[in-house]
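These are my notebook entries on a single protein chain. I record what I looked up, in the order in which I looked.

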Amino acid sequence: MNCNAPLLNRRILRLHAENAAFVAAQLRLGQDGPNYRLIEIFDLESRLAGHLDALVMGREAGLELALETLAVAPEHGEVFTAFHLCLHSNPNLALSEVAPPEVLLWPEAAALGAAAAWCAPELMAARMRDWITGLDPMAAWIALDVCGLRRIDPKGHLKPLLSHRDARVAARAMRLAAELGRADLVPDLTRLSDNADPDLRFWAAWAAALLGDRRTAPAILAALITPATAPARARLTAELLPLVLDDRAARSAIARLMSDRLTERWGVVATGALGAADTLDWLLRQMAEPTLARVAGAAFCQITGARLSAMSLELDVFPEDPDDPVVAACPQESFIEAKLYWPDPEKLAGWLAPNRARFVPQSRFLLGAAAWTLQPPIEIAAPYQLDQRALALELATRAPDTPLPNWRGTVLPQSRGFTRKW
């Protein structure tokens with residue numbers, strides 16, 4: 001009898017494969033969740049680790065069942081699980097030999113990067129060197145994504161990839177430059193922001209703005225939110241614009257966004273990022289519009305630090321969700337909207353009255369404090385994931401040559417509470 005040989009139960013392994021896919025998808029959404037704290041992220045990460053460990057122990061059977069689950073629903077969680085198992089099962093370096101074509105899906109490239117980043121460094125080290133310098137664009141993209149998720153600087157390899165022949169790789173390289181605080185690449189990014197490809201134009205401008213360009217890049221970004229802009233990209237832009245434009249230009253950009261029903265959501269998001277005390281009453285008025293109520297409540301709380309649930313500032317009876325094509329077009333935005341509380345403007349006005357003197361004019365506020373006073377680590381100053389995202393952008397624009405704080409980093413338990421692995 002070999003006590004080290006696992007006793008395989010295909011029914012149980014299938015449940016592990018299905019649950020791993022579900023938890024991986026929930027983790028991706030929760031990392032930008034408005035009411036997800038480190039403890040909720042840690043719980044999801046621990047559950048995912050347990051399911052993946054069981055599948056890895058199942059060896060060929062674990063991989064087979066992960067691929068079967070993928071065949072039923074080739075979405076983020078299923079691709080994540082299958083690719084993670086492929087990386088453990090196949091020692092080859094070439095990506096095309098590691099995983100079959102049904103796993104290597106460009107629309108789910110984020111799942112491939114996340115699955116690779118979830119592997120132990122010793123499992124990925126040789127592959128990372130091979131992929132980031134090789135000819136396979138998907139392999140290069142995955143290597144760049146792992147660098148971004150783990151905040152690893154590929155040093156001299158990064159600059160050439162900004163002009164990679166595959167636009168998807170070039171865009172990921174631009175984003176990585178911003179995530180790593182590579183301010184030395186701002187001239188290259190500014191030059192590349194004058195690109196005919198809309199994806200490259202956006203990512204070059206976004207990265208350059210985050211890295212300190214306050215002339216060319218912000219003006220480009222301000223024009224990039226239109227009714228046709230994908231929600232995830234529109235949110236990224238709206239969150240950053242008020243941090244890189246002067247007050248007058250930021251307010252003008254917000255006014256333009258509020259002039260169109262299909263972009264007004266991003267005007268409210270940008271108002272929260274602006275953090276101005278004189279916008280609080282305006283945000284209270286936006287809560288009368290069902291499609292803007294929850295995001296306006298979130299913007300109000302982002303500025304003031306108020307907590308709708310903890311302070312009983314939400315509606316007593318939640319209304320039905322309104323039809324909003326902007327939210328419906330994006331799983332992440334739909335998740336954020338669904339997890340936000342319905343604010344009660346009368347209760348919030350009552351809360352604001354005795355607290356108004358705290359919010360003085362001519363200052364930016366974030367989470368109830370003057371934005372410039374907030375310091376890392378972000379998980380101390382901002383307990384919720386979406387707030388950590390806002391604070392990370394604040395800190396990165398304040399010090400452009402430092403890495404963007406990783407609000408999606410691995411959560412670690414400590415003697416009292418949780419922290420993040422940097």
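Which residues line the largest cavity? I found Leu241, Pro242, Leu245, Ala250, Ala253, Ile254, Leu257 and Ala270. On a 1 Å grid over the protein atoms alone, a cavity is a set of points where a 1.4 Å probe fits but cannot get out, and lining residues have an atom within 4 Å of a point.

Basis of the entries. I am working from a predicted model, in which local features need pLDDT of at least 70 and side-chain atom pairs count only at pLDDT 80 or more, while totals for chains, interfaces and linings use all residues. Residues are numbered from 1 along each chain as its sequence is written, and side-chain values use heavy atoms, with hydrogens and water left out.

Cavity. My search of the whole structure returned 1 cavity of 30 Å³ or more. I noted a volume of about 40 Å³ for the largest cavity, a volume being the space filled by probe spheres set on grid points joined across faces, edges and corners. Helix 15 (247-258) and helix 14 each give two or more residues to this lining, and helix 15 has the largest share, with 4 residues. Helices are DSSP runs (H or I, at least four residues), as are strands (E, at least two), numbered from the N terminus. By class I counted 8 nonpolar residues in the cavity lining, no polar and no charged; nonpolar covers Ala, Val, Leu, Ile, Met, Phe, Trp, Tyr, Cys and Pro, charged covers Asp, Glu, Lys and Arg, and the others, Gly among them, are polar.

Second largest pocket. A pocket is an open set with protein on both sides within 12 Å along at least five of seven lines. I recorded about 520 Å³ of space here. Of the 32 lining residues, Pro34, Ala298, Leu340, Leu386 and Asp387 lie nearest the centre. Elements giving two or more residues include helix 14 (231-244), helix 16 (264-274) and helix 20 (331-339). Helix 18 supplies the largest share, 7 residues. The pocket lining divides into 19 nonpolar, 5 polar and 8 charged residues.

Helix 20. I listed Gln332, Glu333, Phe335, Ile336 and Glu337 as its buried residues, buried meaning under 20% relative accessible area with a 1.4 Å probe, protein chains only. Their cover includes helix 1 (10-30), helix 19 (325-328) and helix 23.

Whole protein. I counted 23 helices and 4 strands. Buried residues make up 53% of the 422 residues.

Methods. Buried < 20%, exposed > 50% of the residue type's maximum accessible area, 1.4 Å probe, protein only. Contact = heavy atoms within 4.5 Å.
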